[in-house]
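Let's take a walk through this structure, ring by ring. Have the sequence and the 3D view open side by side.

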Amino acid sequence: MERLTDLPNIGRKLAENLEKIEDSIFSGCENLQTVTMPKQLKEIGNAAFYGCTSLSGPLVLPDSVEVIEGDAFKGCSGLTCIRAGEGLQFFGPDAAPDSARLTAYTDRTLEILVRSTDRMGESL
């Protein structure tokens with residue numbers, strides 16, 4: 001599958017019937033600011049959003065997500081939080097942004113808070 005590095009838009013709504021976001025599909029899309037995840041999504045592929053530096057805010061994944069492959073959100077320095085629900089079974093190595101800190105992992109619920117270097121020491 002071809003990568004979508006030259007997206008001219010600032011947001012992307014994915015197809016409702018999509019179950020997997022392919023490996024590296026949005027890798028390097030520096031203009032991507034938001035993404036709406038489909039309710040049936042099960043897997044986020046390796047490096048799917050790698051280097052999407054404009055992807056920002058909290059990202060809440062649907063409970064249907066079972067797998068987040070390695071490097072999925074690496075380099076997404078604008079994300080403040082990634083939350084996955086009870087369906088999560090695998091969180092790959094380096095799947096979180098470089099500045100991420102795992103804050104909670106209970107009852108198969110995962111929350112990652114992200115702090116950029118200019119926010120270090122700030123209370124959340």
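What follows is a tour of the aromatic rings and of one isoleucine beside them.

Keep in mind that this is a predicted model. If you go looking for aromatic pairs, you'll find 2 of them here. Start with Phe26 and Phe49: these rings are stacked, with 5.1 Å from centre to centre and 5° between the planes. Phe26 sits in the loop between strand E2 (20-21) and strand E3 (34-36), while Phe49 belongs to the loop between strand E4 (43-44) and strand E5 (57-60), so this pair ties together parts that lie 23 residues apart in sequence. Both Phe26 and Phe49 are buried.

Now hop from Phe49 to Phe73. These two are stacked as well, at 5.3 Å centre to centre and 0° between the planes. Again distant parts of the chain get linked: Phe49 is in the E4–E5 loop and Phe73 in the loop between strand E6 (67-68) and strand E7 (79-84), 24 residues apart. Phe73 is buried, with a relative accessible area of 0%, and Phe49 has a relative accessible area of 0% too. Put together, Phe26, Phe49 and Phe73 make one aromatic cluster.

Next, look at Ile44, which you'll find in strand E4. Is Ile44 buried or exposed? It's buried, at a relative accessible area of 0%. Setting aside neighbours within four places in sequence, Ile44 is in contact with a list of residues including Phe49, Phe73, Ile21, Leu61 and Val67.

How values were computed. Residues are numbered from 1 along each chain as its sequence is written. This is a predicted model: local features need pLDDT of at least 70, side-chain atom pairs count only at pLDDT 80 or more; totals for chains, interfaces and linings use all residues. Side-chain values use heavy atoms; hydrogens and water are left out. Rings of Phe, Tyr and Trp (its six-membered ring) pair if their centres lie within 6.5 Å; planes under 30 degrees apart count as stacked, over 60 as edge-to-face and the rest as tilted. Helices (H or I, at least four residues) and strands (E, at least two) are DSSP runs, numbered from the N terminus. Buried means under 20% relative accessible area, exposed over 50%, partly exposed in between (1.4 Å probe, protein chains only). Contact means heavy atoms within 4.5 Å.
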